[in-house]
Amino acid sequence: MSLVELGRFSRNEAHILVGRLDSEGIDAIAFDGETSIGDGSYLLIPVRVMVDEDDVDVARRIVADAA
């Protein structure tokens with residue numbers, strides 16, 4: 001398994017997207033979701049959504065359909 005970046009999203013969007021992908025059978029993880037939470041800037045830092053490289057094309061279609 002090799003992870004690739006699907007995209008960068010706001011914290012809430014990233015976690016919603018991870019749930020959506022999971023519902024489609026695609027394993028995804030949000031990186032950087034808790035970055036700088038101590039100083040309150042965590043809402044300003046984009047969260048990377050990562051998926052397996054074998055799933056990235058399907059995941060991109062799901063993101064495009066949701067937009």
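User: What share of the 67 residues of the chain counts as buried?

Analyst: This is a predicted model, in which local features need pLDDT of at least 70 and side-chain atom pairs count only at pLDDT 80 or more, while totals for chains, interfaces and linings use all residues. Residues are numbered from 1 along each chain as its sequence is written, and side-chain values use heavy atoms, with hydrogens and water left out. Buried means under 20% relative accessible area, exposed means over 50%, and partly exposed lies in between, with a 1.4 Å probe and protein chains only. Of the 67 residues of the chain, the share that counts as buried is 28%.

User: Which pattern does the chain follow when read along the sequence?

Analyst: Helices (H or I, at least four residues) and strands (E, at least two) are taken as DSSP runs and numbered from the N terminus. The chain has two helices and three strands. Read along the sequence, these elements follow the pattern β-α-β-β-α.

User: Is L6 buried or exposed?

Analyst: L6 lies in strand β1, and its C-alpha is 9.2 Å in space from that of D52, although L6 and D52 are 46 residues apart in sequence. Because its relative accessible area is 12%, L6 is classed as buried.

User: What is the volume of the largest pocket?

Analyst: On a 1 Å grid over the protein atoms alone, a cavity is a set of points where a 1.4 Å probe fits but cannot get out, whereas a pocket is an open set with protein on both sides within 12 Å along at least five of seven lines, and lining residues have an atom within 4 Å of a point. Grid points are joined across faces, edges and corners, and a volume is the space filled by probe spheres set on the points. For the largest pocket, the volume is about 150 Å³.

User: Which element gives the most to the lining of the largest pocket?

Analyst: The lining is made by F9, E13, I16, L17, R20, V63, A66 and A67, and the elements that give two or more residues to this lining are α1 (11-23) and α2 (56-66). E13, one of the lining residues, is found in helix α1 and counts as partly exposed because its relative accessibility is 46%. With four residues, the element that gives the most to the lining is α1.

User: How many charged residues does the lining of the largest pocket have?

Analyst: Ala, Val, Leu, Ile, Met, Phe, Trp, Tyr, Cys and Pro count as nonpolar, Asp, Glu, Lys and Arg as charged, and the others, Gly among them, as polar. By these classes the lining has six nonpolar and no polar residues, and the number of charged residues is two.

User: Which residue does the side chain of E24 meet in a salt bridge?

Analyst: A salt bridge is a side-chain nitrogen of Lys or Arg within 4 Å of a carboxyl oxygen of Asp or Glu, and the structure holds two of them. In one, the side chains of E5 and R8 meet at 3.0 Å, N to O. E24 counts as partly exposed because its relative accessibility is 44%. At 2.4 Å, N to O, the side chain that E24 meets in a salt bridge is that of R20.

User: In which strand does I29 lie?

Analyst: I29 counts as partly exposed because its relative accessibility is 39%. Its C-alpha is 6.8 Å in space from that of V51, while I29 and V51 are 22 residues apart in sequence. The strand that holds I29, residues 28-31, is β2.
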